[in-house]
Amino acid sequence: MSIPLLDLKAQYHTLSKEILAAITDVLASGEYVMGGNVRALENSIAQMCEVKHGIGVASGTDALLLSLIALGIGQGDEVITTPYTFFSTAEVISKVQGTPVFVDIDPRTFNLDVKLVEKKITSRTKAILPVHIFGQTADLDELLELCAKYKLQMVEDACQAIGAHYKGRPAGSLGSTGCFSFYPTKNLGGYGDGGMIVTNDDTLADRLRVLRVHGSRQRYYHTVPGYNSRLDEIQAAVLRVKLKYLAQWNEARRARAALYDQLLKESAIETPHVEAWNESVYHLYVVRSKERDRLKSRLAQAGISSGVYYPLPLHLQEVYKALGYQYGDLPEAERTSCEALALPLYPEMTETKVRQVVKVLLES
Ligand SMILES: *Cc1c(COP(=O)(O)O)cnc(C)c1O
């Protein structure tokens, strides 16, 4: 029995009729970019996040990039973030000519260690960009307190955490903006690229809507240089179908995660820690082990895929050599990059398969 890390085809097969019908409707409508489906999806996601505005964009990366631009973050500004994330998070800071300032992580949750943030704040710091890694929100109250104290903005990278909650509040709803990705592997994934920004701020929402279409409010009249970062109708139609199932899929992920937790409890493998006030959506189920590489190859021999997220923390990437970080500067992120292993987890995964993965791990 071979077991993939995730199975996008299984999900498609459960919904193919509905999805094909939605796509066919778009094709027949003649409206292909930023039409009724995009507006409806924006409203649904805003409602789900309990905020006023949803702004569809071309990707999660663009959601982050446009957020920084709309907040006026640019040349020479420092943005505090985590080194333990997908590259986009820091890439967008560099793209606006800002400087990412990396702070080490809490090894139990893989999220920014908020106790270390305050001493990295300088007169150039403009924003904090927490990532809700693997589907669990960062410690937002502590970060919001720092934002208030030092007059900083907060942009939430919620690309892996759509539907997650922090003390009962939706991920993405606490920052100046919250950013989501609809990349196919995400918990709410399209069949191509897509993204969404959510915000409660009317001025910011207006600025973002202008930025995503060439800096224009009225077609062929331009107020600022903007971007082509539109969401298309086919993706939005697909996402509207899938959104109806997101809560149940996230629940299914939590159930499988709970089974892994229980079956691995007595083993030397460290299962992921979720804070009592968090409701994780387990974008990935990531365990820790000093024997990570050996476990990974044993699983592979048994036909089971697993993933290393992330093999090299961002402060040690070649692109950031000039920032001057050394190996040893952010020890928890560095250690985690050698110990973390994502096990197969997706809503359609059977209990038998979870047990099979654990059996191979415990025999290794
Ligand atoms: C996927 C992801 C992004 C980027 O989203 P895209 O839609 O691929 O551009 C940004 N940050 C994190 C944490 C992600 O997982």
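This is a predicted model: local features need pLDDT of at least 70, side-chain atom pairs count only at pLDDT 80 or more; totals for chains, interfaces and linings use all residues.
Residues are numbered from 1 along each chain as its sequence is written, and side-chain values use heavy atoms, with hydrogens and water left out.

Domain 1 contributes 39 residues to the contact and domain 2 contributes 32 residues, where contact means heavy atoms within 4.5 Å. About 3100 Å² is buried between domain 1 and domain 2, and carbon and sulfur atoms give 61% of that area. Buried area here is the accessible area (1.4 Å probe) that two parts lose on being put together, summed over both. On the domain 1 side, Tyr-84, Phe-134 and Asn-187 lose the most area to domain 2, together 24% of what that side buries.

Helix packing comes next. Helices (H or I, at least four residues) and strands (E, at least two) are DSSP runs numbered from the N terminus. Axes are lines fitted to C-alpha atoms, for helices over the stretch in contact, and angles run from 0 to 180 degrees between N-to-C directions.

The crossing of H3 and H6 is right-handed; a crossing is left-handed if the near helix is turned anticlockwise from the far one by less than a right angle, and right-handed if clockwise. H3 supplies Leu-66, Ser-67, Ile-69 and Ala-70, and H6 supplies Leu-204, Arg-207, Leu-208 and Leu-211. These residues comprise 6 nonpolar, 1 polar and 1 charged, with Ala, Val, Leu, Ile, Met, Phe, Trp, Tyr, Cys and Pro counted as nonpolar, Asp, Glu, Lys and Arg as charged, and the others, Gly among them, as polar.

Thr-61, Leu-64, Leu-65 and Leu-68 of H3 meet residues of H4 including Ser-88, Val-92 and Ile-93. The contact of H3 with H4 has 5 nonpolar, 3 polar and 2 charged residues.

Helix H7 (residues 233–264) packs against helix H10 (residues 351–363) at about 30°, with axes 10 Å apart, so H7 and H10 are roughly parallel to each other. Their crossing is right-handed. Among the residues in contact are Arg-256, Leu-259 and Tyr-260 in H7 and Glu-351, Val-354 and Arg-355 in H10. This contact has 9 nonpolar, no polar and 3 charged residues.

Two backbone details remain. Most residues other than glycine have a negative phi, and most peptide bonds are trans. Phe-110, which is not a glycine, has a positive phi of about 70°; Phe-110 sits in the loop between strand S3 (99–102) and strand S4 (125–129). The peptide bond from Tyr-309 to Tyr-310 is cis, with omega near 0°, and Tyr-310 is in the loop between helix H8 (292–301) and helix H9 (331–339).

Note on methods. Angles under 35 degrees count as roughly parallel, over 145 as roughly antiparallel, 65 to 115 as roughly perpendicular and the rest as oblique.
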